[in-house]
Amino acid sequence: MNSKKIKKPFLGYGLGLRTDHYEEILSSDPPIDWFEIISENYMVEGGRQLYHLDRIKEKYPIVMHGVSLSIGSTDPLNMDYLKELKKLESRVNPEWISDHLCWTSLGGHNSHDLLPLPYNQETLKHVSERIKQVQDYLGRQILIENASSYLTYKASDMTEWDFISEIADEADCLLLFDVNNIYVSGFNHNFDPKEYIDRINPERVWQIHLAGHENNGDYIIDTHDHPVIDEVWQLYQYTIEKMGPVSTMIERDDHIPPLDELITELEKARKLGEGAC
Amino acid sequence: MLNHIQEKFKAAIFEGKDEAFIAEIEEGGKIDPKQRLFIYAHAYKSRLVETLADDFPVLHSLVGDDMFEEICLDYIDKYPSTSTPLRYFGQHMAKYLQDTKPYSEIIPAIEMAKFEWTFNDVFDAPDKVAVSESDVGAVPPEAWTTLRIHLQPSFFMNEYKWNTPAVWSTVSDEQDDKPMMPQEYPVASNCIQWKADLKCFFRSVPDDEAAVLKLAAQSKSFPEICEQLIDIYEGQATMRAAELFKGWVMEGLVSRLEYLKV
Ligand SMILES: [Fe+2]
(Lines give C-alpha, C1' and ligand atoms only; values in the text may rest on other atoms or scores of the structure.)
Protein backbone atom coordinates (compact mmCIF):
# COMPACT_ATOMS: atom_id res chain seq x y z
CA MET A 1 0.00 0.00 0.00
CA ASN A 2 1.23 3.45 -0.85
CA SER A 3 -0.42 5.44 1.90
CA LYS A 4 1.70 7.00 4.60
CA LYS A 5 1.81 5.42 8.03
CA ILE A 6 0.50 7.67 10.76
CA LYS A 7 1.36 7.43 14.43
CA LYS A 8 -1.48 5.97 16.50
CA PRO A 9 -3.81 8.82 17.38
CA PHE A 10 -5.71 9.07 20.65
CA LEU A 11 -9.14 10.66 20.27
CA GLY A 12 -10.29 10.19 23.86
CA TYR A 13 -13.74 8.87 24.76
CA GLY A 14 -16.58 8.69 22.28
CA LEU A 15 -20.06 7.37 21.61
CA GLY A 16 -21.88 5.78 18.72
CA LEU A 17 -23.91 8.54 17.03
CA ARG A 18 -27.63 7.68 17.24
CA THR A 19 -30.65 9.45 15.73
CA ASP A 20 -32.29 9.91 19.15
CA HIS A 21 -29.44 12.17 20.29
CA TYR A 22 -28.97 14.43 17.23
CA GLU A 23 -30.85 17.46 18.55
CA GLU A 24 -29.30 17.34 21.99
CA ILE A 25 -25.77 17.01 20.64
CA LEU A 26 -26.25 20.06 18.43
CA SER A 27 -27.95 22.19 21.05
CA SER A 28 -25.87 21.36 24.13
CA ASP A 29 -22.34 20.44 22.92
CA PRO A 30 -22.08 17.50 25.37
CA PRO A 31 -18.67 16.47 26.75
CA ILE A 32 -18.02 13.65 24.30
CA ASP A 33 -14.67 13.61 22.51
CA TRP A 34 -15.78 12.01 19.24
CA PHE A 35 -18.52 10.02 17.54
CA GLU A 36 -18.63 6.82 15.54
CA ILE A 37 -21.19 6.56 12.75
CA ILE A 38 -22.59 3.41 11.15
CA SER A 39 -21.51 4.12 7.57
CA GLU A 40 -24.50 2.40 5.92
CA ASN A 41 -26.95 4.76 7.65
CA TYR A 42 -25.49 7.70 5.78
CA MET A 43 -25.23 6.16 2.31
CA VAL A 44 -28.24 8.18 1.17
CA GLU A 45 -28.85 11.15 -1.10
CA GLY A 46 -30.47 13.34 1.52
CA GLY A 47 -32.67 13.49 4.59
CA ARG A 48 -32.34 14.01 8.31
CA GLN A 49 -29.38 11.66 8.78
CA LEU A 50 -27.02 13.52 6.46
CA TYR A 51 -28.34 16.90 7.57
CA HIS A 52 -27.39 16.20 11.19
CA LEU A 53 -24.15 14.45 10.35
CA ASP A 54 -22.99 17.47 8.34
CA ARG A 55 -23.50 19.66 11.39
CA ILE A 56 -22.14 17.28 14.03
CA LYS A 57 -18.96 16.65 12.04
CA GLU A 58 -18.21 20.37 12.24
CA LYS A 59 -18.01 20.05 16.02
CA TYR A 60 -16.66 16.56 16.69
CA PRO A 61 -14.15 14.15 15.15
CA ILE A 62 -15.93 11.27 13.42
CA VAL A 63 -14.92 7.68 12.74
CA MET A 64 -16.77 5.49 10.24
CA HIS A 65 -17.84 1.98 11.20
CA GLY A 66 -19.31 -0.35 8.59
CA VAL A 67 -21.26 -3.59 8.79
CA SER A 68 -21.38 -4.61 5.11
CA LEU A 69 -17.81 -4.94 3.85
CA SER A 70 -18.20 -8.74 4.10
CA ILE A 71 -14.42 -9.05 4.09
CA GLY A 72 -14.50 -12.81 4.65
CA SER A 73 -17.02 -13.67 1.93
CA THR A 74 -16.02 -15.76 -1.07
CA ASP A 75 -18.05 -13.39 -3.25
CA PRO A 76 -15.98 -10.81 -5.14
CA LEU A 77 -15.50 -7.57 -3.21
CA ASN A 78 -18.60 -5.41 -3.53
CA MET A 79 -17.25 -2.49 -5.53
CA ASP A 80 -20.57 -0.62 -5.43
CA TYR A 81 -20.37 -0.66 -1.67
CA LEU A 82 -16.74 0.45 -1.68
CA LYS A 83 -17.63 3.32 -3.99
CA GLU A 84 -20.34 4.44 -1.58
CA LEU A 85 -17.90 4.10 1.29
CA LYS A 86 -15.36 6.28 -0.47
CA LYS A 87 -18.01 8.86 -1.31
CA LEU A 88 -19.03 9.04 2.34
CA GLU A 89 -15.40 9.18 3.40
CA SER A 90 -14.84 12.29 1.32
CA ARG A 91 -17.94 13.91 2.80
CA VAL A 92 -17.13 13.07 6.42
CA ASN A 93 -13.33 13.14 6.42
CA PRO A 94 -13.23 10.52 9.20
CA GLU A 95 -10.29 9.83 11.49
CA TRP A 96 -10.48 6.22 10.33
CA ILE A 97 -12.73 3.54 8.83
CA SER A 98 -13.53 0.16 10.33
CA ASP A 99 -15.52 -3.01 9.67
CA HIS A 100 -15.72 -6.54 11.07
CA LEU A 101 -13.77 -9.75 10.76
CA CYS A 102 -16.69 -11.80 9.42
CA TRP A 103 -18.72 -12.38 6.30
CA THR A 104 -22.21 -11.02 5.69
CA SER A 105 -23.26 -11.86 2.14
CA LEU A 106 -22.92 -14.64 -0.39
CA GLY A 107 -24.13 -15.03 -3.96
CA GLY A 108 -25.31 -11.41 -3.78
CA HIS A 109 -27.66 -12.22 -0.90
CA ASN A 110 -27.18 -10.30 2.31
CA SER A 111 -27.73 -11.87 5.73
CA HIS A 112 -27.32 -8.46 7.41
CA ASP A 113 -25.48 -10.33 10.14
CA LEU A 114 -21.84 -10.69 11.15
CA LEU A 115 -21.27 -14.37 10.39
CA PRO A 116 -18.21 -16.16 11.78
CA LEU A 117 -15.28 -17.48 9.75
CA PRO A 118 -13.29 -20.68 10.18
CA TYR A 119 -9.84 -19.85 11.48
CA ASN A 120 -7.25 -21.55 9.27
CA GLN A 121 -4.62 -20.74 6.65
CA GLU A 122 -7.07 -20.70 3.75
CA THR A 123 -9.28 -18.06 5.39
CA LEU A 124 -6.26 -16.15 6.62
CA LYS A 125 -4.88 -15.81 3.13
CA HIS A 126 -8.27 -14.97 1.63
CA VAL A 127 -9.14 -12.28 4.18
CA SER A 128 -5.67 -10.68 4.27
CA GLU A 129 -5.66 -10.40 0.50
CA ARG A 130 -9.05 -8.70 0.51
CA ILE A 131 -8.12 -6.28 3.30
CA LYS A 132 -5.10 -5.28 1.22
CA GLN A 133 -7.33 -4.65 -1.79
CA VAL A 134 -9.71 -2.51 0.27
CA GLN A 135 -6.81 -0.55 1.76
CA ASP A 136 -5.37 0.02 -1.71
CA TYR A 137 -8.74 1.19 -2.98
CA LEU A 138 -9.28 3.57 -0.06
CA GLY A 139 -5.63 4.62 0.11
CA ARG A 140 -5.56 4.15 3.86
CA GLN A 141 -5.26 1.44 6.50
CA ILE A 142 -8.56 0.17 7.85
CA LEU A 143 -9.45 -1.15 11.30
CA ILE A 144 -10.83 -4.66 11.58
CA GLU A 145 -13.02 -5.54 14.55
CA ASN A 146 -13.29 -8.90 16.29
CA ALA A 147 -16.99 -9.85 16.11
CA SER A 148 -18.75 -11.90 18.78
CA SER A 149 -19.80 -15.37 17.73
CA TYR A 150 -22.05 -18.22 18.75
CA LEU A 151 -20.40 -21.08 16.92
CA THR A 152 -16.95 -22.29 15.91
CA TYR A 153 -15.97 -24.63 13.09
CA LYS A 154 -14.42 -28.05 12.90
CA ALA A 155 -12.40 -26.54 10.04
CA SER A 156 -10.66 -24.10 12.41
CA ASP A 157 -7.15 -25.01 13.47
CA MET A 158 -6.08 -21.81 15.17
CA THR A 159 -7.38 -19.56 17.93
CA GLU A 160 -9.21 -16.35 17.11
CA TRP A 161 -6.45 -14.30 18.73
CA ASP A 162 -3.75 -15.93 16.60
CA PHE A 163 -5.94 -15.60 13.54
CA ILE A 164 -6.69 -11.90 13.92
CA SER A 165 -3.10 -11.10 14.90
CA GLU A 166 -1.72 -12.86 11.86
CA ILE A 167 -4.22 -11.15 9.58
CA ALA A 168 -3.25 -7.75 10.98
CA ASP A 169 0.42 -8.50 10.27
CA GLU A 170 -0.21 -10.04 6.87
CA ALA A 171 -2.54 -7.29 5.62
CA ASP A 172 -0.82 -4.56 7.63
CA CYS A 173 -4.16 -3.36 8.92
CA LEU A 174 -5.23 -1.94 12.27
CA LEU A 175 -7.60 -3.34 14.87
CA LEU A 176 -10.78 -2.26 16.52
CA PHE A 177 -10.71 -4.23 19.71
CA ASP A 178 -14.18 -4.98 21.09
CA VAL A 179 -13.68 -5.97 24.71
CA ASN A 180 -17.31 -6.99 25.14
CA ASN A 181 -17.11 -9.26 22.08
CA ILE A 182 -14.10 -10.98 23.58
CA TYR A 183 -16.02 -11.54 26.80
CA VAL A 184 -19.08 -12.81 24.86
CA SER A 185 -17.09 -15.15 22.62
CA GLY A 186 -15.01 -16.29 25.60
CA PHE A 187 -18.21 -17.24 27.41
CA ASN A 188 -19.75 -18.92 24.34
CA HIS A 189 -16.62 -20.85 23.39
CA ASN A 190 -15.06 -21.31 26.78
CA PHE A 191 -11.75 -19.46 26.43
CA ASP A 192 -10.00 -17.02 28.77
CA PRO A 193 -10.41 -13.46 27.44
CA LYS A 194 -7.12 -12.46 29.06
CA GLU A 195 -5.24 -14.95 26.93
CA TYR A 196 -6.77 -13.21 23.91
CA ILE A 197 -5.83 -9.73 25.13
CA ASP A 198 -2.27 -10.84 25.93
CA ARG A 199 -1.72 -12.02 22.36
CA ILE A 200 -2.77 -8.76 20.64
CA ASN A 201 -0.10 -6.31 19.51
CA PRO A 202 -1.03 -2.97 21.17
CA GLU A 203 0.48 -1.04 18.26
CA ARG A 204 -2.30 -2.28 16.00
CA VAL A 205 -5.20 -1.36 18.30
CA TRP A 206 -6.49 2.10 17.43
CA GLN A 207 -9.97 1.83 18.88
CA ILE A 208 -11.88 -0.01 21.59
CA HIS A 209 -15.58 -0.85 21.72
CA LEU A 210 -17.45 -1.40 24.96
CA ALA A 211 -21.05 -2.61 25.06
CA GLY A 212 -23.63 -4.53 27.05
CA HIS A 213 -25.24 -7.86 26.22
CA GLU A 214 -27.90 -10.38 27.20
CA ASN A 215 -26.83 -13.40 29.23
CA ASN A 216 -29.14 -16.38 28.72
CA GLY A 217 -27.32 -18.61 31.17
CA ASP A 218 -25.94 -21.11 28.68
CA TYR A 219 -24.90 -18.56 26.11
CA ILE A 220 -24.60 -14.79 25.65
CA ILE A 221 -26.17 -12.80 22.82
CA ASP A 222 -24.36 -9.61 21.90
CA THR A 223 -27.39 -7.32 21.95
CA HIS A 224 -25.86 -3.89 22.69
CA ASP A 225 -29.00 -3.03 24.66
CA HIS A 226 -27.68 -2.95 28.24
CA PRO A 227 -25.01 -1.07 30.18
CA VAL A 228 -21.51 -2.54 30.17
CA ILE A 229 -21.20 -5.25 32.85
CA ASP A 230 -18.58 -5.25 35.63
CA GLU A 231 -16.61 -8.17 34.16
CA VAL A 232 -16.22 -6.28 30.89
CA TRP A 233 -15.08 -3.14 32.76
CA GLN A 234 -12.44 -5.28 34.45
CA LEU A 235 -11.31 -6.64 31.09
CA TYR A 236 -11.19 -3.09 29.75
CA GLN A 237 -8.94 -2.07 32.62
CA TYR A 238 -6.75 -5.09 31.96
CA THR A 239 -6.60 -4.15 28.26
CA ILE A 240 -5.55 -0.53 28.72
CA GLU A 241 -3.04 -1.46 31.40
CA LYS A 242 -1.44 -3.63 28.73
CA MET A 243 -1.97 -1.32 25.77
CA GLY A 244 -1.95 2.20 27.19
CA PRO A 245 -4.68 4.68 26.34
CA VAL A 246 -6.76 3.73 23.31
CA SER A 247 -9.65 5.75 21.79
CA THR A 248 -12.63 4.13 23.47
CA MET A 249 -16.36 4.28 22.93
CA ILE A 250 -19.60 2.74 24.10
CA GLU A 251 -21.85 1.08 21.54
CA ARG A 252 -25.57 1.14 22.26
CA ASP A 253 -27.89 0.01 19.47
CA ASP A 254 -31.12 -0.82 21.23
CA HIS A 255 -33.07 0.51 24.24
CA ILE A 256 -31.13 3.71 23.69
CA PRO A 257 -31.10 5.70 26.95
CA PRO A 258 -30.95 9.50 27.30
CA LEU A 259 -27.57 10.92 26.30
CA ASP A 260 -26.75 11.84 29.92
CA GLU A 261 -26.87 8.21 30.94
CA LEU A 262 -24.40 7.21 28.24
CA ILE A 263 -22.11 10.11 29.15
CA THR A 264 -22.08 8.94 32.77
CA GLU A 265 -21.19 5.44 31.58
CA LEU A 266 -18.50 6.88 29.33
CA GLU A 267 -17.00 8.80 32.26
CA LYS A 268 -16.24 5.45 33.81
CA ALA A 269 -14.12 4.56 30.80
CA ARG A 270 -12.42 7.96 30.98
CA LYS A 271 -11.56 7.47 34.67
CA LEU A 272 -10.13 4.03 34.05
CA GLY A 273 -8.23 5.33 31.03
CA GLU A 274 -6.76 8.28 32.86
CA GLY A 275 -5.81 6.02 35.76
CA ALA A 276 -3.92 3.76 33.38
CA CYS A 277 -1.84 6.55 31.87
CA MET B 1 -13.10 -25.07 1.83
CA LEU B 2 -14.30 -21.65 2.85
CA ASN B 3 -16.78 -21.32 0.01
CA HIS B 4 -18.45 -24.66 0.78
CA ILE B 5 -18.86 -23.72 4.42
CA GLN B 6 -20.41 -20.39 3.47
CA GLU B 7 -22.77 -22.04 0.98
CA LYS B 8 -23.92 -24.46 3.66
CA PHE B 9 -24.31 -21.69 6.24
CA LYS B 10 -26.37 -19.68 3.77
CA ALA B 11 -28.59 -22.67 2.90
CA ALA B 12 -29.16 -23.20 6.61
CA ILE B 13 -30.24 -19.69 7.50
CA PHE B 14 -31.89 -18.66 4.21
CA GLU B 15 -33.61 -21.93 3.35
CA GLY B 16 -33.67 -23.91 6.60
CA LYS B 17 -31.54 -26.70 5.04
CA ASP B 18 -29.42 -27.11 8.13
CA GLU B 19 -28.03 -30.67 8.23
CA ALA B 20 -24.97 -30.12 6.06
CA PHE B 21 -24.02 -27.02 7.98
CA ILE B 22 -24.56 -28.51 11.43
CA ALA B 23 -21.91 -31.10 10.54
CA GLU B 24 -19.40 -28.24 10.14
CA ILE B 25 -19.97 -26.86 13.65
CA GLU B 26 -17.62 -27.73 16.48
CA GLU B 27 -19.30 -29.71 19.22
CA GLY B 28 -18.90 -29.22 22.95
CA GLY B 29 -19.86 -26.46 25.36
CA LYS B 30 -23.15 -25.79 27.01
CA ILE B 31 -25.23 -25.72 23.83
CA ASP B 32 -25.15 -28.09 20.89
CA PRO B 33 -24.45 -27.22 17.23
CA LYS B 34 -28.15 -27.14 16.39
CA GLN B 35 -28.81 -24.50 19.04
CA ARG B 36 -25.77 -22.53 17.91
CA LEU B 37 -27.08 -22.45 14.36
CA PHE B 38 -30.55 -21.57 15.63
CA ILE B 39 -29.18 -18.35 17.18
CA TYR B 40 -28.09 -17.20 13.71
CA ALA B 41 -31.16 -18.46 11.86
CA HIS B 42 -33.45 -16.80 14.37
CA ALA B 43 -31.49 -13.53 14.30
CA TYR B 44 -31.66 -13.48 10.49
CA LYS B 45 -35.45 -13.79 10.37
CA SER B 46 -36.22 -11.59 13.34
CA ARG B 47 -33.98 -8.77 12.09
CA LEU B 48 -35.76 -8.76 8.73
CA VAL B 49 -39.23 -9.03 10.27
CA GLU B 50 -38.38 -6.11 12.54
CA THR B 51 -37.22 -4.07 9.56
CA LEU B 52 -40.49 -4.72 7.73
CA ALA B 53 -42.50 -3.90 10.85
CA ASP B 54 -40.66 -0.55 11.05
CA ASP B 55 -41.29 0.19 7.38
CA PHE B 56 -44.94 -0.90 7.25
CA PRO B 57 -46.57 -0.07 10.61
CA VAL B 58 -49.97 0.75 9.13
CA LEU B 59 -50.02 -2.26 6.81
CA HIS B 60 -49.28 -4.22 9.98
CA SER B 61 -52.30 -2.70 11.80
CA LEU B 62 -54.51 -3.23 8.76
CA VAL B 63 -53.87 -6.96 8.36
CA GLY B 64 -53.23 -7.78 12.04
CA ASP B 65 -50.31 -9.53 13.75
CA ASP B 66 -50.84 -13.03 12.40
CA MET B 67 -51.24 -12.16 8.75
CA PHE B 68 -48.43 -9.62 8.94
CA GLU B 69 -46.07 -12.27 10.28
CA GLU B 70 -47.11 -14.69 7.52
CA ILE B 71 -46.52 -11.97 4.95
CA CYS B 72 -43.09 -11.15 6.37
CA LEU B 73 -41.87 -14.73 6.57
CA ASP B 74 -42.99 -15.53 3.03
CA TYR B 75 -41.57 -12.23 1.74
CA ILE B 76 -38.20 -13.05 3.34
CA ASP B 77 -38.18 -16.35 1.40
CA LYS B 78 -39.30 -14.86 -1.91
CA TYR B 79 -37.19 -11.70 -1.81
CA PRO B 80 -33.97 -12.45 0.09
CA SER B 81 -32.11 -9.22 0.68
CA THR B 82 -29.82 -8.23 -2.18
CA SER B 83 -29.08 -4.71 -1.05
CA THR B 84 -26.25 -3.64 1.20
CA PRO B 85 -28.14 -1.19 3.38
CA LEU B 86 -30.90 -2.98 5.24
CA ARG B 87 -33.36 -0.16 4.66
CA TYR B 88 -34.04 -1.21 1.04
CA PHE B 89 -35.11 -4.69 2.06
CA GLY B 90 -38.84 -3.91 1.97
CA GLN B 91 -38.79 -2.29 -1.46
CA HIS B 92 -40.68 -5.12 -3.19
CA MET B 93 -43.51 -5.40 -0.67
CA ALA B 94 -46.28 -3.87 -2.80
CA LYS B 95 -45.28 -6.06 -5.76
CA TYR B 96 -45.08 -9.13 -3.52
CA LEU B 97 -48.61 -8.55 -2.21
CA GLN B 98 -49.90 -7.90 -5.71
CA ASP B 99 -48.42 -11.19 -6.97
CA THR B 100 -49.35 -13.40 -4.02
CA LYS B 101 -52.69 -14.96 -3.12
CA PRO B 102 -54.68 -14.21 -0.97
CA TYR B 103 -53.06 -10.77 -0.51
CA SER B 104 -53.49 -9.93 -4.18
CA GLU B 105 -57.22 -9.54 -3.44
CA ILE B 106 -56.70 -7.16 -0.51
CA ILE B 107 -56.30 -3.93 -2.46
CA PRO B 108 -56.14 -1.65 0.62
CA ALA B 109 -53.14 -3.68 1.87
CA ILE B 110 -51.31 -3.43 -1.46
CA GLU B 111 -52.00 0.29 -1.62
CA MET B 112 -50.84 0.79 1.96
CA ALA B 113 -47.56 -0.97 1.21
CA LYS B 114 -47.07 1.37 -1.74
CA PHE B 115 -47.97 4.46 0.28
CA GLU B 116 -45.73 3.58 3.23
CA TRP B 117 -42.79 2.63 1.02
CA THR B 118 -43.06 5.88 -0.91
CA PHE B 119 -42.40 7.74 2.33
CA ASN B 120 -39.08 5.88 2.59
CA ASP B 121 -38.15 7.12 -0.87
CA VAL B 122 -39.27 10.64 0.01
CA PHE B 123 -37.26 10.55 3.23
CA ASP B 124 -33.98 9.52 1.55
CA ALA B 125 -34.30 11.75 -1.53
CA PRO B 126 -31.76 14.56 -2.07
CA ASP B 127 -32.61 17.81 -0.27
CA LYS B 128 -32.79 20.84 -2.52
CA VAL B 129 -33.54 24.35 -1.37
CA ALA B 130 -37.11 25.16 -2.38
CA VAL B 131 -37.88 27.98 -4.79
CA SER B 132 -39.38 30.95 -2.91
CA GLU B 133 -42.09 33.41 -3.88
CA SER B 134 -39.46 36.07 -4.48
CA ASP B 135 -37.65 33.72 -6.90
CA VAL B 136 -40.92 33.51 -8.82
CA GLY B 137 -41.26 37.30 -8.68
CA ALA B 138 -37.84 37.59 -10.27
CA VAL B 139 -38.91 35.77 -13.43
CA PRO B 140 -39.25 38.46 -16.13
CA PRO B 141 -42.75 38.51 -17.70
CA GLU B 142 -41.35 37.73 -21.16
CA ALA B 143 -39.59 34.63 -19.81
CA TRP B 144 -42.79 32.85 -18.74
CA THR B 145 -43.25 31.36 -22.20
CA THR B 146 -40.03 29.37 -21.72
CA LEU B 147 -40.44 28.64 -18.00
CA ARG B 148 -39.95 25.06 -16.86
CA ILE B 149 -40.79 24.11 -13.30
CA HIS B 150 -38.56 21.47 -11.70
CA LEU B 151 -40.14 19.61 -8.81
CA GLN B 152 -38.26 18.38 -5.75
CA PRO B 153 -36.46 15.01 -6.17
CA SER B 154 -38.58 13.89 -3.21
CA PHE B 155 -41.82 14.41 -5.20
CA PHE B 156 -43.85 11.24 -5.82
CA MET B 157 -47.41 10.87 -7.11
CA ASN B 158 -49.43 7.65 -7.02
CA GLU B 159 -53.00 6.75 -7.81
CA TYR B 160 -55.18 5.12 -5.13
CA LYS B 161 -58.49 3.33 -5.60
CA TRP B 162 -59.12 3.28 -1.85
CA ASN B 163 -58.84 5.97 0.83
CA THR B 164 -55.36 4.69 1.71
CA PRO B 165 -53.76 8.07 2.65
CA ALA B 166 -56.66 8.85 5.01
CA VAL B 167 -56.38 5.43 6.65
CA TRP B 168 -52.65 5.97 7.06
CA SER B 169 -53.12 9.30 8.78
CA THR B 170 -55.54 7.95 11.39
CA VAL B 171 -52.83 5.58 12.58
CA SER B 172 -49.80 7.81 12.20
CA ASP B 173 -51.49 10.68 14.03
CA GLU B 174 -51.74 8.27 16.95
CA GLN B 175 -55.28 9.41 17.54
CA ASP B 176 -56.23 5.80 17.51
CA ASP B 177 -54.44 2.47 17.59
CA LYS B 178 -56.84 0.97 15.08
CA PRO B 179 -56.92 2.33 11.56
CA MET B 180 -60.25 3.57 10.20
CA MET B 181 -62.04 1.14 7.90
CA PRO B 182 -60.70 1.39 4.35
CA GLN B 183 -63.27 2.50 1.81
CA GLU B 184 -63.19 2.32 -1.93
CA TYR B 185 -63.33 5.70 -3.64
CA PRO B 186 -66.09 6.18 -6.25
CA VAL B 187 -63.25 7.08 -8.64
CA ALA B 188 -59.49 6.63 -8.22
CA SER B 189 -57.66 9.61 -6.80
CA ASN B 190 -54.05 10.80 -6.91
CA CYS B 191 -51.97 11.52 -3.85
CA ILE B 192 -48.63 13.31 -3.79
CA GLN B 193 -45.86 12.80 -1.22
CA TRP B 194 -42.83 15.03 -0.80
CA LYS B 195 -40.39 16.51 1.65
CA ALA B 196 -39.83 20.13 2.65
CA ASP B 197 -37.39 21.25 5.36
CA LEU B 198 -36.70 17.58 6.16
CA LYS B 199 -40.36 16.91 6.93
CA CYS B 200 -42.48 14.55 4.84
CA PHE B 201 -45.90 15.66 3.57
CA PHE B 202 -48.74 14.22 1.55
CA ARG B 203 -52.06 15.40 0.14
CA SER B 204 -54.68 14.32 -2.34
CA VAL B 205 -54.73 16.25 -5.60
CA PRO B 206 -57.69 16.96 -7.90
CA ASP B 207 -57.54 15.42 -11.37
CA ASP B 208 -56.65 18.60 -13.23
CA GLU B 209 -53.74 19.24 -10.87
CA ALA B 210 -52.57 15.62 -11.17
CA ALA B 211 -52.49 15.99 -14.95
CA VAL B 212 -50.34 19.10 -14.86
CA LEU B 213 -48.08 17.76 -12.08
CA LYS B 214 -47.33 14.89 -14.45
CA LEU B 215 -46.29 17.44 -17.08
CA ALA B 216 -44.23 19.40 -14.57
CA ALA B 217 -42.50 16.21 -13.43
CA GLN B 218 -41.51 15.71 -17.09
CA SER B 219 -40.14 19.28 -17.12
CA LYS B 220 -42.71 20.47 -19.67
CA SER B 221 -42.93 24.22 -20.12
CA PHE B 222 -45.44 26.54 -18.47
CA PRO B 223 -47.33 27.13 -21.77
CA GLU B 224 -47.70 23.35 -22.18
CA ILE B 225 -49.08 23.18 -18.65
CA CYS B 226 -51.59 25.93 -19.49
CA GLU B 227 -52.60 24.13 -22.63
CA GLN B 228 -53.42 20.99 -20.65
CA LEU B 229 -55.95 23.05 -18.67
CA ILE B 230 -57.67 24.69 -21.64
CA ASP B 231 -60.24 21.92 -22.10
CA ILE B 232 -61.63 22.52 -18.64
CA TYR B 233 -60.84 26.14 -17.95
CA GLU B 234 -60.82 27.68 -21.44
CA GLY B 235 -59.94 31.37 -21.05
CA GLN B 236 -59.14 30.89 -17.36
CA ALA B 237 -56.51 28.17 -18.02
CA THR B 238 -53.51 30.45 -17.44
CA MET B 239 -55.01 31.72 -14.22
CA ARG B 240 -55.62 28.19 -12.96
CA ALA B 241 -52.05 27.19 -13.91
CA ALA B 242 -50.66 30.21 -12.05
CA GLU B 243 -52.78 29.41 -9.02
CA LEU B 244 -51.54 25.80 -8.92
CA PHE B 245 -47.94 26.90 -9.46
CA LYS B 246 -48.19 29.38 -6.58
CA GLY B 247 -49.52 26.61 -4.33
CA TRP B 248 -46.59 24.33 -5.22
CA VAL B 249 -44.10 27.07 -4.40
CA MET B 250 -45.74 27.70 -1.02
CA GLU B 251 -45.61 23.98 -0.25
CA GLY B 252 -41.89 23.75 -1.04
CA LEU B 253 -42.56 21.43 -3.99
CA VAL B 254 -40.50 23.38 -6.53
CA SER B 255 -36.73 23.01 -6.53
CA ARG B 256 -35.71 25.04 -9.59
CA LEU B 257 -37.04 27.45 -12.20
CA GLU B 258 -35.51 27.20 -15.63
CA TYR B 259 -36.12 29.84 -18.29
CA LEU B 260 -34.38 31.59 -21.14
CA LYS B 261 -32.95 34.95 -20.20
CA VAL B 262 -34.24 37.23 -22.92
FE1 LIG C 1 -18.28 -3.66 18.39
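I began with the term: on a 1 Å grid over the protein atoms alone, a cavity is a set of points where a 1.4 Å probe fits but cannot get out, and its lining residues have an atom within 4 Å of a point. Grid points are joined across faces, edges and corners, and a volume is the space filled by probe spheres set on the points.

I noted that this is a predicted model, in which local features need pLDDT of at least 70 and side-chain atom pairs pLDDT 80 or more, while totals for linings use all residues. Residues are numbered from 1 along each chain, and chains are lettered from A.

I searched the whole structure and found two cavities of 30 Å³ or more. The largest has a volume of about 70 Å³, and among its 13 lining residues L101(A), P116(A), Y119(A), A147(A) and S149(A) lie nearest its centre.

I then turned to the second largest cavity, of about 60 Å³, whose lining includes H65(A), Y81(A), D99(A) and L138(A). Helix 3 (79-92), strand 4 (97-101) and helix 4 (121-138) of chain A each give two or more residues to this lining, and the largest share, three residues, comes from strand 4 of chain A. Helices (H or I, at least four residues) and strands (E, at least two) are DSSP runs, numbered from the N terminus.

Last, I looked up the strands and found a closed barrel of eight, running 1-2-3-4-7-8-9-12 in chain A with parallel pairing, where two strands pair if DSSP finds at least two bridges between them.

Technical notes
Heavy atoms only, no water. 1 Å grid on protein atoms, 1.4 Å probe; cavity = no way out; pocket = protein on both sides within 12 Å on 5 of 7 lines; lining within 4 Å.
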